[in-house]
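Subject: Handover of a structure for your review

Dear colleague,

Please find the structure below, with its sequence. My notes on what was found in it follow directly after.

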Amino acid sequence: MSPLLAQFIAESRDQLELIGVGLLAIENHPDDLDRLNDVFRAAHTIKGSSGLFEIKPITLLVHAAEDLLDALRSQEVRFERAMVDRLLDAFDHLSQWLDEMERNESLPESLETTARELGATLRVFLQGRDVAAPVESLTAPVFADLVWIGQWAEADRAALYHRLATSAEPLTLFRYTPDSQCFFNGEDPFYQVRQLLGLALLDIAPVEPWPPLAELDAYRCALRFTGVACASLAELTTQFRYVPDQVTLLAATPETLAVPTGRAGETVHGGFVAEALTLVDQEDWASLRGITETLLDTYDPDTWMASALRWLLRMLDSTMPDPAAVRLLLDAIPAQQGPDWLQALMSSSAPVVAVLLQRPLSEIEQAAFQRVVAEQARVLDLPEDPATWAGRIGSVCASLANALRYVRRTDLLEELDEAEEIALSVHTAEALRNVLARLLDDEQPLPDEEAPLLAKVEGALIDKSALKTLKVDQTKVDRLMDLIGELVVAKNSLPYLARRAERVYGSRDLAREIKDQYGVINRIAQELQGSIMQVRMMPVGHVFQRFPRLVRDLSKKLDKKIRLVVEGEGTEADKNIIETLADPLIHILRNSIDHGIEPPEERLARGKPGEGQIRVKAYQDNDNVAIEITDDGRGVDSAAVKNKLVRRGLLTVEQADGLSDHEIVQWIFAPGLSTADQISDISGRGVGMDVVRTSVERVGGSVTVHSQRGVGTDIRLTLPLSMAVTHVMAVELDGKLIGVPMDIVVETVRLAPAAIYTIKHREAFILRDRLTPLMRLRRLLEMTEPATGGAALATLVVKIRGESVGIVVDNFREGMEVILKPLDGVLAGLKHYAGTALLGDGSVMLVLNLKELL
Amino acid sequence: MPIHFLKSVACFKGVCTVEEAEPLLQWLQDQPRAKIKLRECTHLHTAILQVLLVANPPVTLPPQDPELARWLMPALQNDR
């Protein structure tokens, strides 16, 4: 499988888990927008990534789900509980398809129909919603101003202007700031820019000042391409379709190029602007041309004024000069800066505005809006001139109206209209100024509820990037673990060496030094071991995540009301342990739901609340993790268990009668015992609790059950925190070392042969007033037994399944920590041994599995 | 190699790819009086362009490719 696909599958599973948890939370709190956003984003991520592969069913289905989630998020549809059912169902299918993908790397085509059907069930909820086709919004960033157009030589711009005047080609401005990491994606921004249709002007500049050559990172793109192309906005949009977020595009008019440049500060011929504006109103282009040419001769060609006048002439050269553009250029002359073509474009180019309608304003847009308003205020404050008054008010109001539409403050349009009328009829701009003042004060003219929401999303994103998580293949960690195990073993050989130095070579000093060094290495090795263990630790909550869904589904199916309480999800344990836990826990939970919790009527009749409770609690208990599953259901029917045990021939009637209820209840873990009267598809197939016990014991854990009839059941799993290091007690047998897991060793006693009783063929001894069975390890392993005479017998007392047993060994040795390697290959069948461990002197020690042996 | 490094002159030929950006940067760092010839160059990767912009070595022969010369040369001759 390609690594990309493997990653997709792994990540999608993570996302699905998030979605599952999120959906259940939403079911109970439909107003929880944060959750809804989480779920939506997760679905969106899956959809996005799925596009990389030929897996149409997944894309189709997630797309439908995403649409529904989006509609919920934007509150276009009302929440219904059935939605969660359908969504969960859809994502369940998805999860199965991912499994299928993992097996076959592809999905059968027939699934596409299934996907469409499932999608249709989701889309049912979308009916009745406004089905306004979403507008493709690409131009996320916008230009703050267009002054930068002046960077190109006037002659070049003039040539382009003339070309556009005759050919009527579209003109689009672009700014392309490639991602700094883009080279690693195989992108070549310069090449892409060179390929642009109708590229006319181009500027290549660094985003920030260049570092010194010695510090330059050749593979970090720090360039920005700014330019003008004779192509339509749509064409450029297509060409930049893979990097929409890095490009700013703007459809422009040829006049946009008319940015006068040059030395400013020349005196402006006072009457010229007013006279020219009058001529524009009369559309007397020839006269305007005349006075402009005359004035141009009085200025040095390098000045801003000369440049502005040349542009004015160029505009007038066209057969049909645009009065608005000419007026804007003339308006710019008194201040000798501008004109602000961006504002003109915003007022006139409807398409750009339409594209942007769907999203909230960016800060830049906000600033631009403020600037437009300020500019209008400035225009209003210009010396009044009765001749141009109407035109000026008209243009101010038109610009304002457009700007208001742009920022979606249509509520103010009416007021603006009124102000315009007043201004025109009574010749005073007071009302208009008031409107402007309000807009200028209004720091946040956004009555949009989306704004805080958006901020939250951004916050979440920042949090995410701060989280430094590394995904590592587990085999790599395992390898590290093995190596550390070897280090521990190698380290253990140092004490042997020290002993040799002392005994064989008679050098005590050397021996002591070796021991010192051993101490240091030992500490480091232990810390190393501790840290790698931490890496492998994960919270048990990982397994618990599935529970809410299980409880929800099953309780619905069985018509029971069940509340699940989960505690201590944060408790950590080794990954392998956690993984082995998953199935047993689910099995126990199923049992509790199916057999434990009674139907509501029965519960009420017994005086319990109608809603049953299952509590799953995890906590750390010394070197173990304990998990308790408690329900307040009907408890285990010990009489029924006893009956069944006798019927199955597992116990005789006498034996059974001799057991307490508590002891009887433990038998539910025996193979082939299911007390439920009828077999349901939820639990009770007779493969029940013994599987739980087997899998828990396999990782060195234990399971106990407490149950009180009518009150409830409490099942407790105890598991080691980590399987990596095993404490063993070494014993000597026939001159060899044999390990016994320390956790079952209770004590060691030296037993006089006289203290041993023989009952029938079995041996036993009295330990603290209790008769304890005695086994001989040599006998168990079918080895010959030398006569020991009257010497005391080294006896290890171990506790197996709650019962003490004495085991006679040749001699005791020290307790030690070892890395236990399970037997594999042809030896894997030897159940009597839990595995082997390498000792410091290089020898191999077998570790017994006493549970199997006895 | 589309870039030939001579003693103090680098000759660019054909399409110069991203892989050559690092060697070029190294060379330019070691050769403060470096000159470059672009005559036979038809395209250079953005990464190379960037290195040239920072190092700003004199271009003795501009590209023959008129289109490349048109976009490249103004940028390279900035701030000279």
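**Chain B**

Of the 80 residues of chain B, 34% count as buried. Please note before reading further that this is a predicted model. Chain B contains three helices and four strands, which follow one another along the sequence in the pattern β-β-α-β-α-β-α. For residue pairs in chain B with a separation of 6 or more, 57% of the contacts are between residues 24 or more positions apart.

The four strands form an open sheet with mixed pairing, in the order β1-β2-β3-β4. At its edges stand β1 (3-5) and β4 (59-61) of chain B, each with a single partner strand, so one side of each has no neighbour in the sheet. From one strand to the next, the twist averages 30°. Within this sheet, strand β2 (residues 9-16) and strand β3 (residues 35-44) of chain B run parallel and are joined by seven bridges. One of the residue pairs involved is Val9(B) with Lys35(B), the latter being its bridge partner in β3(B).

The crossing of α1(B) past α2(B) is right-handed. On the α1(B) side, the contact is made by Ala21(B), Leu24(B), Leu25(B) and Leu28(B), and on the α2(B) side by Ala47(B), Ile48(B), Val51(B) and Ala55(B). By class, this contact of α1(B) with α2(B) has eight nonpolar residues, no polar and no charged ones.

**Chain A**

Chain A has 854 residues, of which 32% are buried. It has 31 helices and 22 strands. Of the contacts in chain A between residues at least 6 apart in sequence, 69% join residues at least 24 apart.

One helix pair in chain A is α2 (residues 33-50) and α3 (residues 56-73), whose axes come within 9 Å and cross at roughly 155°. Since angles over 145 degrees count as roughly antiparallel, α2(A) and α3(A) are therefore roughly antiparallel to each other. The crossing of α2(A) past α3(A) is left-handed. Among the residues that make this contact are Leu36(A), Phe40(A), His44(A) and Lys47(A) of α2(A), together with Ile58(A), Val62(A), Glu66(A) and Leu69(A) of α3(A). The residues of the contact of α2(A) with α3(A) comprise ten nonpolar, five polar and four charged.

An open sheet of five strands in chain A has the order β6-β8-β9-β11-β10, again with mixed pairing. Its edges are β6 (562-567) and β10 (702-708) of chain A, each with a single partner strand, so one side of each is left without a neighbour in the sheet. Here the twist averages 10° from one strand to the next. Strand β8 (residues 612-621) and strand β9 (residues 624-631) of chain A pair in the antiparallel sense over eight bridges. In this pairing, Gln620(A) has Val625(A) as its bridge partner in β9(A).

Which helices lie against these strands? Helix α23 (residues 547-558) of chain A lies across β6 and β8 of chain A, and runs at about 170° to β6(A). Helix α24 (residues 575-596) of chain A also packs on the sheet, where it touches β6, β8, β9 and β11 (712-720) of chain A. The direction of α24(A) makes about 175° with that of β11(A).

**Where the chains meet**

How many residues of each chain take part in the contact between chain A and chain B? Chain A is in contact through 17 residues, and chain B likewise through 17 residues. On the side of chain A that touches chain B, the elements giving two or more residues are α7 (189-194) and β2 (199-206) of chain A. The largest share of that side, four residues, comes from α7(A). By class, the side of chain A that touches chain B has 15 nonpolar residues, two charged ones and no polar ones.

Yours sincerely

Terms used:
Residues are numbered from 1 along each chain as its sequence is written. Chains are lettered from A and ligands numbered from 1 in the order in which they are written. This is a predicted model: local features need pLDDT of at least 70, side-chain atom pairs count only at pLDDT 80 or more; totals for chains, interfaces and linings use all residues. Two residues are in contact if their C-beta atoms, placed from the backbone, lie within 7 Å. Ala, Val, Leu, Ile, Met, Phe, Trp, Tyr, Cys and Pro count as nonpolar, Asp, Glu, Lys and Arg as charged, and the others, Gly among them, as polar. Axes are lines fitted to C-alpha atoms, for helices over the stretch in contact, and angles run from 0 to 180 degrees between N-to-C directions. Angles under 35 degrees count as roughly parallel, over 145 as roughly antiparallel, 65 to 115 as roughly perpendicular and the rest as oblique. A crossing is left-handed if the near helix is turned anticlockwise from the far one by less than a right angle, and right-handed if clockwise. Two strands pair if DSSP finds at least two bridges between them. A residue is buried if 20 or more other C-beta atoms lie within 10 Å of its own, exposed if 12 or fewer, and partly exposed in between; C-beta atoms are placed from the backbone.
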